[in-house]
Amino acid sequence: MSQQEEMKKLTLLGNKETPYIFEYSPQVLESFDNRHTDNDYFIKFNCPEFTSLCPITGQPDFASIYISYIPDQLCVESKSLKLYLFSYRNHGDFHENCINTIGKDLVELLNPRYLEVWGKFTPRGGISIDPYYNYGRPETKYEKMAEQRLFNHDLYPENIDNR
């Protein structure tokens with residue numbers, strides 16, 4: 001597929017009338033072809049202004065979300081990812097569910113070699129929650145990588161200073 005054909009598939013990038021969605025909306029995610037399938041490399045997104053709602057109290061929860069992945073055939077388009085994460089703004093769910101759902105939605109969209117999502121939520125009631133999700137393609141070296149990173153991801157936790 002040519003670069004021009006590839007760009008026509010993307011409906012959000014460059015669109016001056018961006019449709020901001022205020023409820024969880026995985027269908028907003030878009031992808032484009034990875035032109036470097038011959039090598040492994042990481043793509044990392046940092047979202048320091050993620051918000052969702054407590055499903056019980058309706059109070060806002062704030063987090064920094066870190067998404068890292070090794071693409072295979074597809075890469076996620078960053079504006080669609082931003083709008084997808086923004087769609088959690090009025091979505092009520094527990095921190096753990098948000099992070100696992102984000103990871104699973106991206107795996108479904110991209111079928112990556114490897115992917116991880118780490119949420120670092122600000123404290124509420126004197127406690128912070130930092131859920132971590134990862135995926136490695138089954139029966140490949142990435143499955144082993146996912147297991148190793150899961151077992152070792154928090155060996156050296158940072159000092160929490162009320163974020």
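The model is predicted: local features need pLDDT of at least 70, side-chain atom pairs count only at pLDDT 80 or more, and totals for chains, interfaces and linings use all residues. Residues are numbered from 1 along each chain as its sequence is written, and side-chain values use heavy atoms, leaving out hydrogens and water.

**The sheet**

- Look for four strands forming an open sheet in the order 2-3-5-6, with antiparallel pairing; two strands pair if DSSP finds at least two bridges between them.
- Helices (H or I, at least four residues) and strands (E, at least two) are DSSP runs, numbered from the N terminus.
- At the edges sit strand 2 (43-53) and strand 6 (132-136), each of which pairs on one side only.
- From one strand to the next, the twist averages 15°; angles run from 0 to 180 degrees between N-to-C directions, and axes are lines fitted to C-alpha atoms, for helices over the stretch in contact.
- Strand 5 (residues 114-121) is joined to strand 6 by five bridges, and Tyr114 has Gly136 in strand 6 as its bridge partner.
- As background, strands of a sheet pair through backbone hydrogen bonds, either parallel or antiparallel.

**Helices across the sheet**

- Helix 3 (residues 95-110) lies across strand 2, strand 3 (60-70), strand 5 and strand 6, and runs at about 155° to strand 5.
- Helix 4 (residues 141-152) lies across strand 3, strand 5 and strand 6, at about 160° to strand 6.

**Helix 2 against helix 3**

- These two helices, helix 2 and helix 3, pack at an angle of about 145°, and their axes are 12 Å apart.
- Leu81, Tyr84 and Leu85 in helix 2 meet Thr101, Ile102, Asp105 and Leu106 in helix 3, where contact means heavy atoms within 4.5 Å.
- By class, this contact of helix 2 with helix 3 has five nonpolar, one polar and one charged residues; Ala, Val, Leu, Ile, Met, Phe, Trp, Tyr, Cys and Pro count as nonpolar, Asp, Glu, Lys and Arg as charged, and the others, Gly among them, as polar.

**The largest pocket**

- The largest pocket has a volume of about 310 Å³, the space filled by probe spheres set on grid points that are joined across faces, edges and corners.
- On a 1 Å grid over the protein atoms alone, a pocket is an open set of points where a 1.4 Å probe fits, with protein on both sides within 12 Å along at least five of seven lines; lining residues have an atom within 4 Å of a point.
- Of the 14 residues lining the largest pocket, Cys47, Glu49, Lys82, Leu85 and Phe86 are the closest to its centre.
- Strand 2 gives the largest share of this lining, seven residues.
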